[in-house]
Amino acid sequence: MKLPHKAVRISDKVYWVGAIDWGVRDFHGYLTSRGTTYNAYLIMAEKPVLIDTVKSNFYGEMYARVASVTDPANVKIIVSNHSEMDHSGGLCRAVEDMKPERIFASAMGVKALAAHFHHKYNIEAVKEGETLDIGGDKLSFLESRMLHWPDSMVSFLQGEGILFSNDIFGMHLASGKRFDDESPDWHHEAKKYYANIVLPYSDMVLAFLRKFQASGIKPRIIAPDHGPIWRKDLTSIVDLYVKWATQKPQDRAVVVYDTMWNSTEKMAAAIADGLMAGGTRTQVMCLKSHHRSDIITELLDAGAIAAGSPTLNRNIFPTMADTLTYVKSLQPKNLKSLAFGSYGWGGEAVAQVAAILNEMKTQPVQDPIKVQYVPDETALMKCYEAGQTLSKALKEA
Ligand code: FEO
């Protein structure tokens, strides 16, 4: 017997028909510590519309939620705002089961869906600004390219004022609650989502928000494809996107390191002491206990990174290589930097860390600090002073 999953009404005609993934912990390299939701929506217009689907293994849950409102065969239109498989994984089964009259995606989405599913369906491309009459209400479409895939678009239900924003304004947060005002602890997960998914496209975020403002669309509800639906405080998440996209440096530093025999750890602590003595809010993060996705989250509103690695077999320590590769790909901006680390003989890792910080276009505040074997008081004082130098540079930024 199938579970009687129920839809959740979010407005007069619109229902949440998504799925809750309580157990997922990896989202292409991002630690989703609190699971996620795949939000799909059913618009009960004269021509019922399904906006997006869910990850394929959650299709049954979505189908049951649709069936709790109407016979799924009544769905006449499916809109795919984004081809990534957490939203399109159920598309082919939905088309087979519901037999919609029309299916829509952006022009890039049409190509991406074909390349994913090698399907036989006629998926129609909607144009930027195009409006679709669904009987009793209208849907309009705006491209949101590179937020965060080339095919991404958003849909707006004009009469009810609901923006289906796809990944934009979303977060990975599994919950039995569907709305922002029922989920007061959303801030960290929204920040983590931005840092790990949206950050490289920050310029596009600002351009999209400008375009959106110019369109005159004023949503009453923002319904993203992950996490809570924004019905109470829409401006706070929009304002946070502007802040995060701008990445104005703050007097905050992240000291990230790994260690073999605690020498690099001692250096990290001395650098942090120097930073804090200068009045800089400092987060010290050892990679034995912090995931790469937490490092980039802390860096989102920091002004500096100090990165330390011991040398292992002439190379950067594996956890630091992993983290810096990931962080570099997300392109944080406006960071001061300091490379440091201990070594036994070759000592190559510190230069490798410095090279990656350089590739990240961070601004080093001084030469890297290298210590052979175990730092003595003099070496630790150099680290402390480097922390103070970094703090001073942040004040002058
Ligand atoms: Fe939530 Fe880009 O998919």
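Which residues does Ser337 touch, not counting residues up to four places away in sequence?

A: Leaving out residues up to four places away in sequence, Ser337 touches Ile305, Leu357, Thr362, Gln363, Pro364, Val365 and Leu390. Contact here means heavy atoms within 4.5 Å. Before going on, a word on what you're looking at: this is a predicted model, where local features need pLDDT of at least 70 and side-chain atom pairs count only at pLDDT 80 or more, while totals for chains, interfaces and linings use all residues. Residues are numbered from 1 along each chain as its sequence is written, and side-chain values use heavy atoms, with hydrogens and water left out.

Back to Ser337. You'll find this residue in strand 22 (residues 336-343); strands (E, at least two residues) and helices (H or I, at least four) are DSSP runs, numbered from the N terminus. Ser337 has a relative accessible area of 2%, so it counts as buried. For that label, buried means under 20% relative accessible area, exposed over 50%, and partly exposed in between (1.4 Å probe, protein chains only).

Ile51 sits in strand 8 (residues 49-51) and is buried at 0% relative accessibility. Its contacts, again skipping residues up to four places away in sequence, are Ala40, Tyr41, Ile43, Val79, Asn81, Leu139, Ser155 and Phe164. Take Ala40 from that list: Ile51 and Ala40 are eleven residues apart in sequence, and their C-alpha atoms are 5.7 Å apart in space. Then there's Glu61 in helix 1 (residues 59-67), which is buried with a relative accessible area of 13%. Glu61 touches His5, Gly18, Ala19 and Ile20, not counting residues up to four places away in sequence.

Now let's zoom out. The protein is split into domain 1 (8-246) and domain 2 (252-391), with bounds that come from an automatic or database domain assignment. Taken over C-alpha atoms, the domain centres are 38 Å apart. Domain 1 puts 16 residues into the contact, and domain 2 puts in 16 residues. About 1,300 Å² is buried between domain 1 and domain 2, with carbon and sulfur atoms giving 55% of that area; buried area is the accessible area (1.4 Å probe) that two parts lose on being put together, summed over both. Of the area domain 1 buries against domain 2, Lys191, Asn196 and Leu199 supply 35%, more than any other three residues.

What holds charges together across that boundary? Three salt bridges are counted between domain 1 and domain 2, a salt bridge being a side-chain nitrogen of Lys or Arg within 4 Å of a carboxyl oxygen of Asp or Glu. Lys192 and Asp294 also pair up through their side chains in a salt bridge, at 3.2 Å from N to O. Helix 5 gives the most to the side of domain 1 that touches domain 2, with six residues. Sorted by type, that side of domain 1 has eight nonpolar, five polar and three charged residues. In that sorting, Ala, Val, Leu, Ile, Met, Phe, Trp, Tyr, Cys and Pro count as nonpolar, Asp, Glu, Lys and Arg as charged, and the others, Gly among them, as polar.

Overall, the salt bridge count comes to 21. One of them joins the side chains of Glu182 and Arg231, at 3.9 Å from N to O. That pair links distant parts of the chain, 49 residues apart: Glu182 is in the loop between strand 15 (162-166) and helix 5, and Arg231 is in the loop between strand 16 (221-224) and helix 7. Glu182 is partly exposed at 33% relative accessibility, and Arg231 is partly exposed too, at 38%.

Another salt bridge brings together Asp258 and Lys288, at 2.7 Å from N to O. Asp258 is in the loop between strand 17 (252-257) and helix 8 (263-277), and Lys288 is in the loop between strand 18 (281-286) and helix 9 (292-299), so the pair ties together parts 30 residues apart in sequence. Asp258 is buried, at 1% relative accessible area, whereas Lys288 is exposed, at 55%.

Arg292 and Asp322 form a salt bridge as well, with the closest N and O atoms 2.6 Å apart. Arg292 is in helix 9 and Asp322 in helix 10 (residues 318-329), 30 residues apart. Asp322 is partly exposed, with a relative accessible area of 34%. Finally, Lys191, Arg252, Glu298 and Asp301 are linked in a network of salt bridges.
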